[in-house]
Amino acid sequence: NSLLAKSLYFIEKSILKDSNFIITDTETHAKYFATLFKIPLEKFFVVNMSVDEEIFFPLATPKEFHFKEPFIIFTYATFLPLHGMMTIAKAANTLKNFPFKFIIAGGKGKALREFISYLKLNNVSNVLHIPWIELNELPSYICGSDLCLGGPFGGTPQAGRLITGKTLQFLACERPTVIGKNSETKYFEDRKNCLLVKQNDHNDLADAIYWASTNRSKLQKISILGKKTYEQRYSINVIRNQIKTLLKSIQ
């Protein structure tokens with residue numbers, strides 16, 4: 001495995017070294033790969049992630065949930081380490097005596113099994129796991145929820161270098177979103193355009209969720225400013241201009 005990893009490293013380094021431009025989704029990723037592969041940082045060009053704005057928009061029809069709990073928290077994930085799904089499970093456990101319902105979609109394998117086992121072991125009944133939601137149904141779940149968990153919450157090295165795609169989807173749908181603080185969240189301000197929480201800290205996540213539930217009148221403004229941040233930094237128009245700038249520099 002070590003020999004294979006070294007071989008793949010040198011192959012990737014060779015490809016990057018021979019490239020004229022290298023596109024990354026964040027400044028932090030650019031700096032990370034420049035250091036890792038000993039490539040001049042000047043070769044890297046950041047093009048932010050965005051979303052399909054024909055699918056993810058504020059006027060999507062909200063899904064009607066028929067839960068006894070009046071406060072709905074939604075997220076989905078493939079349960080990669082960076083997502084911090086056990087952090088979410090522990091936060092749900094902390095809040096299990098409050099009238100909250102967590103809807104968690106996606107995941108498979110060992111990480112999902114551990115997640116489900118933890119919930120059962122601790123008698124956490126406020127979490128509904130849905131194996132899969134079709135892409136075109138996601139906006140309905142997002143817009144029907146009171147709070148969305150964008151993450152990442154895992155505290156892994158990768159979790160420190162990105163804004164998750166689902167975070168952008170939630171912001172584009174103008175929903176209040178909890179984001180895991182990292183080097184890429186400098187454009188986000190806690191309780192202004194999102195809720196910012198520490199990485200891998202279930203107590204901080206639980207506190208943010210509880211605050212949201214007791215300050216619902218403030219969530220609309222947070223949602224509006226979150227959408228504005230999306231439009232200023234991550235919208236299709238912004239991405240289009242970033243690519244235009246890259247193409248002009250090539251000519």
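E189 is partly exposed, with a relative accessible area of 45%; partly exposed is the range between buried (under 20% relative accessible area) and exposed (over 50%), using a 1.4 Å probe and protein chains only. E189 forms a salt bridge with K192, their closest N and O atoms lying 3.8 Å apart. A salt bridge here is a side-chain nitrogen of Lys or Arg within 4 Å of a carboxyl oxygen of Asp or Glu. The model is predicted, so local features need pLDDT of at least 70 and side-chain atom pairs count only at pLDDT 80 or more, while totals for chains, interfaces and linings use all residues. Residues are numbered from 1 along each chain as its sequence is written, and side-chain values use heavy atoms, with hydrogens and water left out.

**Salt bridges**

- The whole structure holds seven salt bridges, and the pair of K192 and E189 is one of them.
- K101 forms a salt bridge with E69, and the closest N and O atoms are 3.9 Å apart.
- This pair ties together parts that are 32 residues apart in sequence, because K101 lies in strand β4 and E69 in the loop between β2 (44-46) and β3.
- K101 counts as buried at 10% relative accessibility, and E69 counts as buried at 13%.
- A further salt bridge joins E231 and K227, with 2.7 Å between the closest N and O atoms.

**Helix α8 (residues 216-233)**

- Helices (H or I, at least four residues) and strands (E, at least two) are DSSP runs, numbered from the N terminus.
- The 18 residues of α8 should span 26 Å at 1.5 Å a residue, and the end C-alpha atoms are 26 Å apart, which agrees. The expected span is 1.5 Å times one less than the number of residues.
- Buried in α8 are L219, I222, S223, G226, K227, T229 and Y230.
- The buried residues of α8 pack against β3, α6 (165-172), β8 (195-197), α7 and α9 (236-250). Contact means heavy atoms within 4.5 Å.
- On the face turned away from the buried side, α8 carries the exposed residues S217, Q220, K221 and Q232.

- K227 lies in helix α8 and counts as buried at 13% relative accessibility.
- Leaving aside residues up to four places away in sequence, K227 touches P58, L171, A172 and E174.
- E231, the salt-bridge partner of K227, is partly exposed, with a relative accessible area of 41%.
- E231 and K227 are four residues apart in helix α8, so about one helical turn separates them.
- An α-helix has 3.6 residues a turn, so residues three or four places apart point the same way.

**Helix α3 (residues 85-94)**

- Helix α3 is largely enclosed by the rest of the structure, because seven of its 10 residues are buried.
- The buried residues of α3 are M85, T87, I88, A89, A91, A92 and N93.
- The cover over them includes the strands β3 (71-76), β4 (100-105), β5 (127-130) and β6 (147-151), together with the helices α4 (109-121) and α7 (202-214).

**Surface patch**

- L4, L8, I11 and I15 make a nonpolar surface patch of about 400 Å². Patches are made of residues with over 30% relative accessible area and no salt bridge; like charges are joined within 9 Å, and nonpolar side chains (Val, Leu, Ile, Met, Phe, Trp, Tyr) within 5 Å. Accessible areas come from the Shrake-Rupley method with a 1.4 Å probe, and for residues only the protein chains shown count as cover.
- I15 is found in helix α1 (residues 2-18) and is exposed, with a relative accessible area of 52%.

**Backbone**

- Most residues other than glycine have a negative phi, and most peptide bonds are trans.
- G151 and P152 are joined by a cis peptide bond with an omega of about -5 degrees, and P152 is in the loop between β6 and α6.
- K38 has a positive phi, near 55 degrees, and is not a glycine. K38 is placed in the loop between α2 (27-36) and β2 and counts as exposed at 64% relative accessibility.
- F79, also not a glycine, has a positive phi of about 70 degrees. F79 is in the loop between β3 and α3 and is buried, with a relative accessible area of 6%.
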